[in-house]
Amino acid sequence: PSLFPWLGCSHRSSSICLRWEEEKKEDGVKWTQLEHRGPYFAPVYEPLPDDVRFYYDGKPLKLSLATEEIATFYAKMLDHEYTTKEIFQNNFFNDWRKEMTSDEQKIIKDLDKCDFREIHKYFVDKSEARKALSKEEKQKLKEEADKIQEEYGYCILDGHREKIGNFKTEPPGLFRGRGDHPKMGMLKKRIMPEDVVINCSKDSKIPEPPEGHKWKEVRFDNTVTWLASWTENIQNTLKYIMLNPSSKLKGEKDWQKYEVARRLKDVVHKIRAQYRIDWKSKEMKKRQRAVALYFIDKLALRAGNEKEEGETADTVGCCSLRVEHIRLHPQLDGQEHVVEFDFLGKDSIRYYNKVSVEKMVFKNLQLFMKNKDPSDDLFDRLNTSILNRHLQSLMDGLSAKVFRTYNASITLQEQLKALTNSEDNVAGKLLSYNRANRAVAILCNHQRSTPKTFEKSMQNLQAKVRQTKLRVPRPDLTSDLFLKKKKLLKRLEEQLAKLNVQATDKEENKQIALGTSKLNYLDPRISIAWCKKFGVPIEKIYNKTQREKFAWAIDMADEDFEF
DNA sequence: AGCTCAACTTAGAATCGTAATG
DNA sequence: CATTACGATTCTAAGTTGAGCT
């Protein structure tokens with residue numbers, strides 16, 4: 001039986017199977033029934049034992065409960081790099097002082113005189129103690145967590161029991177922005193039921209707020225998919241409780257995303273031809289649009305919205321590139337018309353690339369940069385809204401990010417075709433798969449910091465390779481002795497090959513994160529078709545969670561699937 | 001056209017749990 | 001059996017998009 005009966009077998013014969021689908025919803029309507037228990041709130045603050053003290057200017061100082069709680073947030077982070085940063089310290093201290101009693105404010109005036117070390121040690125010990133718990137005690141904790149998950153972790157959506165993605169409110173703490181964030185260290189306040197808006201269906205069992213509390217609001221909006229929301233106090237933006245990726249709602253949306261990208265495949269040649277023509281347009285605006293689109297298409301850059309200065313880290317995408325982010329080289333390393341990109345993108349991840357571009361693009365860039373300061377916008381006549389409006393006019397549903405999805409998926413398909421050798425064993429095929437995946441991750445600039453244990457674990461692996469090599473019997477033994485060892489030889493050679501593959505894969509993966517593209521950019525049907533075609537079990541490619549997320553694709557893709 | 005904002009997807013780091021190893 | 005290593009999972013920040021307003 002199908003995991004996704006509502007999908008029917010529409011990929012094979014949509015007209016016949018429509019009857020399996022649920023009642024078609026009106027435009028914008030996301031559900032007809034939604035019932036849940038509301039968010040699970042972060043545990044209340046437990047005061048420190050009396051023997052764990054905070055010191056000011058060398059002397060112990062008993063803090064009020066609220067002040068102490070915020071002190072523990074800082075204390076817990078003491079050995080993190082964040083606490084060495086001046087902005088972090090200042091933001092923390094400002095916000096902390098705001099929550100102090102007036103007596104405390106009179107005393108605590110200098111963060112440098114605050115000694116959190118005893119509190120820090122208390123939490124380190126506590127976490128050690130947790131790790132050292134007996135099997136039974138750990139089991140008991142696990143059961144308690146499972147019970148909460150069971151009670152709050154699911155909702156009913158249109159008759160199906162669905163897993164919720166994030167059913168807990170975010171606990172209070174100190175804001176940890178990425179990169180050079182001006183708000184790092186600010187106090188993230190505790191979310192109370194009075195901050196929370198509940199969304200559910202009118203006729204469902206309305207969730208009860210915790211004893212003695214009220215919800216901010218209960219609404220019945222079936223045009224949105226969230227179950228609860230609140231406004232976060234750092235950036236003053238909304239946070240939502242939403243469904244898990246394994247849910248039908250998210251799955252269908254995911255499917256739809258890849259179908260849009262597949263439609264782009266049909267018109268991308270036309271679009272490319274058009275932007276080449278537009279490079280010569282007499283309208284500056286059109287030229288900028290055409291060059292930006294070329295970057296988005298060729299380099300898989302993000303759209304690049306404008307950001308409010310001073311509110312977030314200074315990062316850019318395509319439309320928000322500044323003159324200082326590129327350098328033009330008429331010649332470089334034997335190539336012509338080279339553009340050197342160097343900027344911080346999403347999450348302050350550096351994008352560095354040297355690309356040889358078409359002559360017309362190069363000339364246009366020179367033109368766009370003429371008489372500008374380094375801090376001026378490269379595309380001063382363009383923004384994401386203009387670009388996306390244009391893209392929408394070229395194809396229904398087309399926006400800048402569709403190019404990332406399209407180029408990622410088509411690259412995976414092409415690379416799999418080029419790299420897979422049907423003669424290889426499963427390990428060899430998996431290396432090819434990972435390499436194809438890696439080509440996409442590199443295209444999308446999905447980086448990670450080299451794992452702390454990388455060098456060590458690489459050395460361990462190399463040592464293992466050496467050991468295995470030593471055990472391989474040598475043909476210089478007398479020939480019948482050698483023949484007897486043939487079986488062993490074969491086994492060891494296989495093992496050795498596998499280890500070498502592992503080592504290669506590991507090294508190539510040092511600073512590349514494969515997960516993001518796998519989860520968000522690669523049409524899962526490509527991978528599933530590949531698995532089926534080459535006899536690789538799907539579990540080798542997708543773990544349990546991933547198989548749940550991609551259930552829709554596992555259900556529909558056969559080995560002939562073409563993106 | 002430009003601005004603001006809600007709603008949603010995408011992202012790497014931190015933490016957790018378990019399998020491999022000694 | 002204890003420790004380590006690593007994949008899985010959780011967490012929540014940081015993007016994109018388009019609607020609605022002026």
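Mentor: A polar contact is a pair of N or O atoms within 3.5 Å; within protein, one atom must be able to donate a hydrogen and the other to accept it, and residues adjacent in sequence count only if both atoms are side-chain atoms. This is a predicted model, in which local features need pLDDT of at least 70 and side-chain atom pairs pLDDT 80 or more, whereas totals for chains, interfaces and linings use all residues. Residues are numbered from 1 along each chain as its sequence is written, chains are lettered from A and ligands numbered from 1 in the order in which they are written, and side-chain values use heavy atoms, without hydrogens or water.

Trainee: What makes the pair formed by the side chain of Lys257 and DNA strand B a polar contact?

Mentor: An N or O atom of the Lys257 side chain is 2.8 Å from a phosphate oxygen of DNA strand B. The limit is 3.5 Å, so the pair qualifies. Lys346 instead places a polar side-chain atom 2.6 Å from a base oxygen of DNA strand B.

Trainee: Which elements give two or more residues to the surface near DNA strand B?

Mentor: They are strand 12 (238–241), helix 7 (248–278), helix 11 and helix 16 (515–520). Helices (H or I, at least four residues) and strands (E, at least two) are DSSP runs, numbered from the N terminus. Helix 7 supplies the largest share, 3 residues.

Trainee: How do the residues near DNA strand C divide into nonpolar, polar and charged?

Mentor: There are 4 nonpolar, 13 polar and 12 charged. Ala, Val, Leu, Ile, Met, Phe, Trp, Tyr, Cys and Pro count as nonpolar, Asp, Glu, Lys and Arg as charged, and the others, Gly among them, as polar. For DNA strand B the division is 7 nonpolar, 7 polar and 13 charged.

Trainee: How do we know whether Ile234 is buried or exposed?

Mentor: Buried means under 20% relative accessible area, exposed over 50%, and partly exposed in between (1.4 Å probe, protein chains only). Ile234 has 5% relative accessibility and therefore counts as buried. The residue is found in the loop between strand 11 (228–231) and strand 12. Neighbours within four places in sequence aside, Ile234 is in contact (heavy atoms within 4.5 Å) with Phe175, Lys183, Met186, Leu187 and Lys188.

Trainee: Why are the buried residues of helix 5 said to lie on the same side?

Mentor: They are Ile119, His120 and Phe123. Their arc around the axis is only 105°, which puts them on the same side of helix 5; the arc is that of the directions from the helix axis to the C-beta atoms. They pack against helix 2 (65–76), while the face turned away carries the exposed Arg117 and Lys121.

Trainee: What makes helix 17 "mostly covered"?

Mentor: Of its 11 residues, spanning 524–534, 9 are buried. Helix 7, helix 11, helix 12 (426–443) and helix 19 (551–556) are included in what covers them.
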